[in-house]
Amino acid sequence: MFKQTAFFVDAGYFLESSGHLLYGSGRGSLFLNTNAIASELAASIAPITEGNTQKAEEQSRLLRIYWYDAGDARHGLFSSLAQCSSIKLRLGRLNQNGVQKGVDALLALDLVTLASERAISDAIILSGDEDLVPAVEMIQRKGVRVHILGIQPAMEGARNVSQKLRHESDSFTEWGREKLEPLFFKKTPSEYADSDPAFLNSVDPYFPQATIGRSSGASNFNTHENAHPGFYVEDPDSSEANLRERIAQFVDSLDEETRLYYENGVTEAAEIGQPFPIKPEHDAPLLKIGCQVLGVPRIDPDWRRFVRSAFLENFNLNAT
C-alpha cells in the first residue's frame, strides 16, 4: 500500500507560537537550531500519522518538508534551512508593514497539487490557520489523510489552533515545551532585529499593567545624553499623546470578536502578573503607527514597548 507523507510548516505560526511559549515573546526572540528542527520534523512522521502502531517496513516515507515563510531568500536563516536534508523553502513576501503575504496561498496550492498528483497519502500541517480548511477538505476528498500539528498556547485556556481546522483533520497533535526547547536558542535583545527576516513580529514581552508614559523609560530614552544614535524625539509628551490617540483609533477599528479576545486575555494576564502576546497581524500595524507618529523608519525598542503597552491598556478592564 502506497504511503508517503509531506510535511507543511507554516513558519510564521510555528516560530511565533514557540517564541511565546518558551520565552514570552515572538519569533524575534529565537535562534533556530535548523538541523535539530529538520531531524525532529522528519522523526515525528510515524508518531503523528500512525501513533507508532505500524511495523517499520509499513511506515510512511517522507516526501519532503515544505517550509513556508516570507522574506529575502538570501537571508542567513533561509540559507541554513535550505541546506537541511528534505527541506524545501517556499517563500512569500513581506509587505511594508512586515506582514507576510502569499504564504497561505502557497501552502494551500502545494497541498492540492500533491494530492491531485497522488504524490502523498498523508499530509502533516504545522499551522493553526482556519483559512486552510477549504484546502484540507479538498485533499481529503482525494483520499489524503490530514494531520494537524499545533503548538501549545502560552496561556492556559487559550486556543492556538482554529477549532474548525482541528475538527476537519484526521488527527491532532500538540507540541509543548519539552519538544520545542531543543530546537531553539534564546536571543539577547540586541540580537533581535538583525537575525530574522520578519523582525517586525513581536519580540518583547507585553505586561498589561506596565507603567507607560514618561515614567516607562521613554523620558530617559529621549534625553540628548541617552538617545539612541540617529533617533531623538523633540517632544516626547506630545508624541505619547498622539500615539495613544492613533492607537485608540486602531482599537476602534477591530471587530468585536478580536476586542473580546484581548479584553479576556489581558484581564486574565494582569490578574496573574503574566505577559500577554499581541498577535502579529495587529502588532505590525501598531509598529507602523509608531513609525509614522515619531517620524522614523524603524521604531526603537523603548518606543515599541510604549506602543504595545498603550495598545493593551485599551483592553485592561481592571485598570484604574
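Biologist: Which residues of α12 meet α13?
Modeller: This is a predicted model, to begin with. From α12, the residues are Asp283, Leu286, Leu287, Gly290 and Leu294. On the α13 side they meet Trp303, Arg304, Val307, Arg308 and Phe311.

Biologist: How does that contact split by class?
Modeller: Six residues are nonpolar, three are charged and one is polar.

Biologist: And at what angle do α12 and α13 pack?
Modeller: About 120 degrees, with the axes 10 Å apart. Here α12 covers residues 280–294 and α13 covers 301–313. That angle makes α12 oblique to α13.

Biologist: Is the crossing left-handed or right-handed?
Modeller: The crossing of α12 and α13 is right-handed.

Biologist: OK, the sheet. What's the strand order?
Modeller: β5-β4-β3-β1-β6-β7-β8. These seven strands form an open sheet with mixed pairing.

Biologist: Which strands stand at the edges?
Modeller: β5 (100–101) and β8 (171–175). Each has a single partner strand, so one side of each has no neighbour in the sheet.

Biologist: How do β1 and β3 pair, parallel or antiparallel?
Modeller: Parallel, over six bridges. β1 is residues 4–10 and β3 is 61–70. Within that pairing, Phe7 has Ile65 in β3 as its bridge partner.

Biologist: Which strands does helix α2 touch?
Modeller: Helix α2 (residues 34–43) touches β1, β3, β4, β6 and β8. Its direction makes about 130 degrees with that of β3.

Biologist: What about α1, where does that lie?
Modeller: Helix α1 (residues 11–23) lies across β1, β3, β5, β6, β7 and β8. It runs at about 35 degrees to β7.

Methods:
Residues numbered from 1 in each chain as written. Predicted model: local features only at pLDDT ≥ 70, side-chain atom pairs only at ≥ 80, totals over all residues. Heavy atoms only, no water. Axes fitted to C-alpha atoms, helices over the stretch in contact; angles between N-to-C directions. Helix = DSSP H or I, 4+ residues; strand = E, 2+ residues; numbered from the N terminus. Parallel < 35°, antiparallel > 145°, perpendicular 65-115°, else oblique. Left-handed = near helix turned anticlockwise from the far one by under 90°. Contact = heavy atoms within 4.5 Å. Nonpolar A, V, L, I, M, F, W, Y, C, P; charged D, E, K, R; others polar. Pairing = 2+ DSSP bridges.
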